[in-house]
Amino acid sequence: MKIFNTLNNRKEEFIPIEEGKVRMYVCGPTVYNYIHIGNARPMIVFDTVRRYLEYKGYNVNYVSNFTDVDDKIIAKANEEGVSAAEIAERYTKAAKEDMAGLNVMPATTHPKATEEIDGMIDMIQTLIDNGYAYEKNGTVFYRTRKFAGYGKLSGKNIDDLEAGARIAVDDEKEDAMDFVLWKPKKEGEPYWTSPWGDGRPGWHIECSVMSNKYLGKQIDIHAGGEDLIFPHHENEIAQSEAANGTAFSNYWMHNAFLNINNHKMSKSAGNFFTVKDIAEKYPLQVLRFFMLGAHYRSPLNFSDELMQSAKSSLERIRTAVFNLSHLENSAKEVPYSSADEDFKKQLDSFKNDFEAAMEDDFNTADAISVIFEIVRLANSYLDSDKPLSIITAARELIVLLCGILGIICEQDNLLPDEDIEALINERNEARKNKDFARADSIRDELVKKGIQLEDTREGVRWKRI
Ligand code: AMP
Ligand code: ZN
């Protein structure tokens with residue numbers, strides 16, 4: 001299996017530290033608002049990597065954090081006149097709902113920064129003790145120049161960086177390249193006590209600490225969006241390697257951006273759709289399918305047109321699976337003809353093609369093309385006169401391969417009519433009782449499952465989308 005390793009800028013054979021096990025850390029979102037579909041890209045991509053590794057028999061320990069203390073969270077809390085903890089809790093819950101809608105498996109551990117402050121203080125103290133950090137008036141800085149490997153991930157040269165950073169030089173720092181590990185408290189901000197006074201951690205330290213605690217000093221894969229390469233991941237390497245005295249992550253994986261009109265989708269630029277916005281219009285399975293239609297290292301442009309086309313492509317797969325299960329009801333086990341034998345061999349070779357695509361740095365775009373080839377062949381070759389077992393084999397293969405990508409393609413997995421109607425009744429009841437939050441959450445839940453509601457004068461109508 002080959003993985004493109006940002007650290008060495010090339011595809012490399014994947015060799016885990018411990019046979020049969022993978023220790024994987026994925027930088028998670030800062031929870032100050034609903035996640036946008038750009039944030040969903042790493043979630044979907046690395047969940048797919050995890051699913052494939054698990055399919056190959058690895059035991060994957062998957063850690064992904066929630067950054068729940070940060071300037072943006074504090075700003076939002078002040079804006080609303082509530083605590084930072086309340087904001088973080090609200091949007092962590094919302095992010096988890098969105099992840100479930102996208103069929104992103106819960107991580108083995110989802111640590112939160114605010115619950116790991118003690119570990120951060122310990123690591124910062126270690127860095128001070130071994131000369132890699134220093135304190136000035138309540139702020140602790142990392143002594144970047146002391147870490148010889150600085151720049152090895154991003155390919156940046158510290159002197160070039162320094163030239164760019166000089167203008168912004170902060171009086172308290174020894175050097176413009178030094179970055180903050182701990183900052184003193186400000187009025188109205190959450191804080192924790194530390195040997196350097198009350199304050200809160202800088203952003204980068206949390207991932208070094210959580211990765212250490214839940215996965216160990218050395219890990220197999222560290223991942224995130226490509227904007228994290230510098231400075232976040234570069235700083236994580238500096239912190240972890242200086243504190244632990246060992247190499248940090250063996251493979252670094254980064255997804256390219258999700259763009260709109262060829263510009264990065266981001267909250268600060270205001271050109272974003274939240275996952276919840278999209279869930280109003282499409283089942284979130286379509287969003288997942290759309291994202292995996294591109295290689296994770298290629299930029300991906302978002303548009304309604306492309307989503308519509310992803311929707312009909314996914315529908316084609318689902319219809320094929322549905323038709324095959326229908327055929328299974330009428331077909332009988334009859335002796336194989338030589339054409340049937342060939343068909344069966346074709347299925348095996350498609351499975352190999354799918355694996356080859358995934359083992360070439362998780363080329364999900366090619367992997368999806370293989371699924372379409374199976375669908376095409378099954379649609380043209382199979383009918384109720386064919387042996388039952390090859391019809392079953394074709395259906396099971398499509399379901400298996402979609403499942404590795406986290407795509408649900410069996411109609412059986414969709415909500416049955418009675419459940420939909422029960423939820424609609426519950427929603428009507430909630431509206432009668434003026435519990436509009438509950439009513440809305442039922443509507444959201446149904447949309448996520450591909451059910452659209454329409455309120456008419458005659459009552460609520462629903463349809464599958
Ligand atoms: P943030 O909440 O900004 O720290 O981002 C959480 C994750 O989403 C990080 O891995 C980012 O790199 C990633 N990310 C943010 N915006 C985009 C985008 N437009 N496309 C792809 N990934 C993104
Ligand atoms: Zn991180």
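Helix α7 spans residues 229–244 and contains P231. In this predicted model, a cis peptide bond joins F230 and P231. Its omega is about 0 degrees. Most peptide bonds are trans.

Positive phi angles mark two further sites. N103 has a phi of about 60 degrees although it is not a glycine. The residue is found in the loop between α3 (84–101) and α4 (117–129). K434 also has a positive phi of about 60 degrees, and K434 is not a glycine either. This residue belongs to the loop that links α14 (417–432) and α15 (436–448). Most residues other than glycine have a negative phi. N103 has a relative accessibility of 22%, so it counts as partly exposed. K434 has a relative accessible area of 64% and is therefore exposed.

The protein chain is divided into domain 1 (14–255), domain 2 (306–404) and domain 3 (417–464). The centres of domain 1 and domain 3, taken over C-alpha atoms, are separated by 40 Å.

Strand β3 covers residues 21–26. Five of its six residues are buried, so the strand is mostly covered. Two strands pair with β3. Strand β4 (residues 59–64) runs parallel to β3, and six bridges connect them. Strand β9 (residues 219–225) is also parallel to β3, joined to it by three bridges. M24 takes part in both pairings. M24 stands opposite Y62 in β4, and its bridge partner in β9 is I221.

The loop between β3 and α1 holds C27. C27 has a relative accessible area of 11%, so it is buried. C27 and V63 are 36 residues apart in sequence. In space, the C-alpha atoms of C27 and V63 are 8.5 Å apart.

Ligand 1 is surrounded by 17 residues. The closest are G38, G225, D227, L258 and M265. Backbone atoms of three of these residues were examined. A backbone N or O atom of G38 lies 3.1 Å from a nitrogen atom of ligand 1. For G225, a backbone N or O atom lies 3.0 Å from an oxygen atom of the ligand. For M265, a backbone N or O atom is placed 2.8 Å from a ligand nitrogen atom. Taken alone, ligand 1 exposes 490 Å², and the protein buries 91% of that.

S266 lies in the loop between β12 (263–264) and α8 (275–281). With a relative accessible area of 11%, S266 is buried. Its side chain makes a polar contact with the side chain of S268, at 3.4 Å.

Helix α9 comprises residues 284–292. Nine of its nine residues are buried, so the helix is largely enclosed by the rest of the structure. The buried residues of α9 include L284, V286, L287, F289, F290, M291 and L292. Q285 and R288 of α9 are buried too.

Key. Residues are numbered from 1 along each chain as its sequence is written. Chains are lettered from A and ligands numbered from 1 in the order in which they are written. This is a predicted model: local features need pLDDT of at least 70, side-chain atom pairs count only at pLDDT 80 or more; totals for chains, interfaces and linings use all residues. Side-chain values use heavy atoms; hydrogens and water are left out. Buried means under 20% relative accessible area, exposed over 50%, partly exposed in between (1.4 Å probe, protein chains only). Helices (H or I, at least four residues) and strands (E, at least two) are DSSP runs, numbered from the N terminus. Two strands pair if DSSP finds at least two bridges between them. Domain bounds come from an automatic or database domain assignment. A residue is near a molecule or strand if one of its heavy atoms lies within 4 Å of it. A polar contact is a pair of N or O atoms within 3.5 Å; within protein, one must be able to donate a hydrogen and the other to accept it, and residues adjacent in sequence count only if both atoms are side-chain atoms. Accessible areas come from the Shrake-Rupley method with a 1.4 Å probe; for residues, only the protein chains shown count as cover.
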